[in-house]
Amino acid sequence: MASRGSQGGLEANTKKNRPENTAFRQQRLPAWKPVVTARSTLPSFLVLGAIFMIFGGILFGSTQSGKELQIDYTYCNSSQSSVVGWSDNCATMRENSSYFREACQCELTFTLDEDWHGEVFLYYKLTNYYQNHRRYIRSRSDIQLRGDVSDTTECSPLEKRSNGNDTLPIAPCGLIANSLFNDSFKIFNSTNDPVTLTATGIAWKSDKETKFRNPSGSLPQAFKDTIQPPNWQKPAYNLSVHSNNNGFQNEDLIVWMRTAALPTFRKLHRRILNGLKKGTYTVRVHYNYPTSMFDGHKYIVLTTISWMGGKNPFLGIAYLTVGSICVAACGTLLLVDKYRHRGFFAPAATL
């Protein structure tokens, strides 16, 4: 049995640890707990659905104002070839290892029913091409691409190549650079005049100014102790006729090195600054890049842009879908509220 002194000490400690008798310390502050009912929720769903549908309609309409043309040229028939007597399509030639490095050229035609004003963008599109494969996407040297031509530490399995008695570092090294897209295109109008295709301004400014830098000095001299990737037909310092578009700062290379997340993708290739007039055009394709051996397809994509970018309706459709779901939920709640008050959703009577 506890003594009176110990009981007094216990009561003192209890009073000492007791929170002050205030509304905040005793949790007596006024509180508001919303009661969620169909009638209180209906306006929220209705307003939210209306907002999403309005924005979705605007976005969808703006993307539809752009123009786009896609041409599949995977199996285009050869119009000119370095193989005497070759009359099959260029894809078959690329599948034959004996003719892998032979030249093949094909021609495509398309017709525009109206003028395409403003800047027109030429993309190439590839399907069934997995640039997101882990081994592929890791096979590059960002240090080398910033100007150190000798660094190939992250480029396995394409780090170095034999050149006679020497083994030289590959520049640029790695699987991504080795698989650089190398088809080329020329476009002619109905009077056989060439359409000017601009090869600059196709890469991100941040990439060209920060992530990709050429070594200092003359490019042929800077690359003299390196060797080009196995699948390349030209060394890195001779990729373009424009001196400021060569080496690691070649914009075709920069665009290709930004790998795609999905197996179907398109990459910007050229710009047509003055638009295209109504009429028939011929595209002359220098067919180098093999895709048919892995069931891939190649497309030429011509497109204009709106204030929302290219002709891609995904974002507008997504907004319209969410808005429709909100409106449908609003209607469902309205029916639930209506029939519940009629007894359809009343709880069963208990005995």
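Helices here are DSSP runs of at least four residues, numbered from the N terminus. With that in hand, I opened this predicted model and looked up Phe 55, which I found in helix α2, residues 38-64.

**Entry: the inside**
Next I asked myself: which residues touch the most other members of the largest nonpolar core? They are Tyr 73, Trp 256 and Leu 276, in a core of 60 residues. Strand β4, residues 120-126, gives this core its largest share, six residues. Another core, of six residues, lies apart from it, and I noted Leu 158 and Ile 227 among them.

Leaving out residues up to four places away in sequence, I listed its contacts, including Tyr 124, Leu 126, Ile 176, Phe 181, Phe 265 and Tyr 289.

**Entry: the whole chain**
I counted ten helices and ten strands in the protein chain. The radius of gyration is 33 Å, while the globule rule gives 20 Å for 351 residues, so the chain is more spread out than a compact globule. Along its principal axes, the C-alpha trace spans about 110 × 65 × 40 Å.

Last, I looked up burial and surface. Of the 351 residues, 38% count as buried. The accessible surface comes to about 21300 Å², and 54% of that belongs to carbon and sulfur atoms.

Note on methods:
Residues numbered from 1 in each chain as written. Predicted model: local features only at pLDDT ≥ 70, side-chain atom pairs only at ≥ 80, totals over all residues. Heavy atoms only, no water. Helix = DSSP H or I, 4+ residues; strand = E, 2+ residues; numbered from the N terminus. Core = buried A, V, L, I, M, F, W, Y, C linked by side-chain atoms within 4.5 Å. Buried < 20%, exposed > 50% of the residue type's maximum accessible area, 1.4 Å probe, protein only. Contact = heavy atoms within 4.5 Å. Rg over C-alpha atoms; globule rule 2.2 N^0.38 Å. Areas by Shrake-Rupley, 256 points an atom, 1.4 Å probe, with all protein chains shown as cover.
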